[in-house]
Amino acid sequence: MIKTKSLTENEKLHLKNNGELSLFFVGVGSAFSKINNQTNLLIIKGDSHILIDCGTTCPKAMWEYGCPVIDIENIFITHSHADHIGGMEEVALMSRYFTRKKPNLILIEEYKDALWNYSLKGGISFNESHNGENLKMEDIFNIKIPTLINELPYKIWEINIDKINLKIFRTKHIPDSEEDREKCFFSYGTVINEKVLFTSDTRFDKELIFYLLEKYKEIKIIFHDCQLFKGGVHASYSELLTLPENIRKMTYLVHYGDNYKSTIPENDGFLGFAKQGIYYIVE
């Protein structure tokens, strides 16, 4: 069963609850959305929380929700596009020089160096020099590496952060010409507490969805990447329409563009577009 709860006008976002598994979408928009914040997701259960991705609009959005991003203790990064990592430099610098506390950064081992060397290092590493050496990723973050628990037919990693369990899998996101997921650039989705499937960014991958639903039979809800046109590096609405009815009726659509008002997913058997600023409570 899924319940929803909206933040009231003067209510602040809190990082603790009474123990239920709660998903709060900081944003639900695509990378270039001007109506919604970018798709970043906060998981809360009891005293535990994990922020999935911290994009360019995330720090401002979190501040507007009354919960500064520097209060976040655990972050899981799915891939390197700016709408997923654009706020990480602020997190790093504020943590280093303001709170003086390292946040936990959950990263798949194979992706760790690529995130640092290609994306984060330039704005962070060279702020300090000690005995001729600049800052390393480990100077800023406590790195948490999930354990590989499944290799065939799909790699799956697992990590527990207190009461929150993540099963992490690779997605086929970029480039659009590559069908071998191992040759795609690093990009990941996750199953949360074996109840929620969150794809993050992915092209349409029906076989992977079927596999995860069969393997984790307690999945109650899916939040799936969706763009409202064909082609490119995201799952299109027309492709998602080919999912069986029983899967569509447990699926919310996220990461959508600003033209979403012309589409009514409920008419096609989906749960609808996920909304930002709302708690999705999974029972």
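This is a predicted model: local features need pLDDT of at least 70, side-chain atom pairs count only at pLDDT 80 or more; totals for chains, interfaces and linings use all residues.
Guide: Residues are numbered from 1 along each chain as its sequence is written, and side-chain values use heavy atoms, with hydrogens and water left out.

Visitor: Why is His173 called buried?

Guide: Buried means under 20% relative accessible area, with exposed over 50% and partly exposed in between (1.4 Å probe, protein chains only). His173 has a relative accessible area of 1%, so it counts as buried. You'll find His173 in the loop between strand 12 (164-170) and strand 13. Strands here are DSSP runs of E, at least two residues, and helices are runs of H or I, at least four, all numbered from the N terminus.

Visitor: Which residues is His173 in contact with, leaving aside its neighbours within four places in sequence?

Guide: Contact means heavy atoms within 4.5 Å. For His173 the list includes His79, His81, Cys184, Asp201 and His234. His173 and His234 are 61 residues apart along the chain, yet their C-alpha atoms are separated by 6.8 Å.

Visitor: How do you know that strand 13 and strand 14 pair?

Guide: Two strands pair if DSSP finds at least two bridges between them. Strand 13 (residues 188-192) and strand 14 (residues 196-198) have 3 bridges, in the antiparallel sense, so they pass that test. Thr190, for one, stands opposite Phe198 in strand 14.

Visitor: What makes strand 10 and strand 17 edge strands?

Guide: The open sheet has 8 strands in the order 10-11-12-13-14-15-16-17, with mixed pairing. Strand 10 (147-150) and strand 17 (272-273) each have a single partner strand, so one side of each is left without a neighbour in the sheet. Strand 10 is joined to strand 11 (residues 156-161) by 3 antiparallel bridges, and a hairpin of 5 residues links the two.

Visitor: What makes helix 4 kinked, and where?

Guide: The bend at a residue is the angle between axes fitted to the seven residues ending there and the seven starting there. In helix 4 (residues 109-124) there's a kink of about 45°, centred on Trp116. Trp116 is also among the buried residues of helix 4, along with Tyr111 and Leu120.
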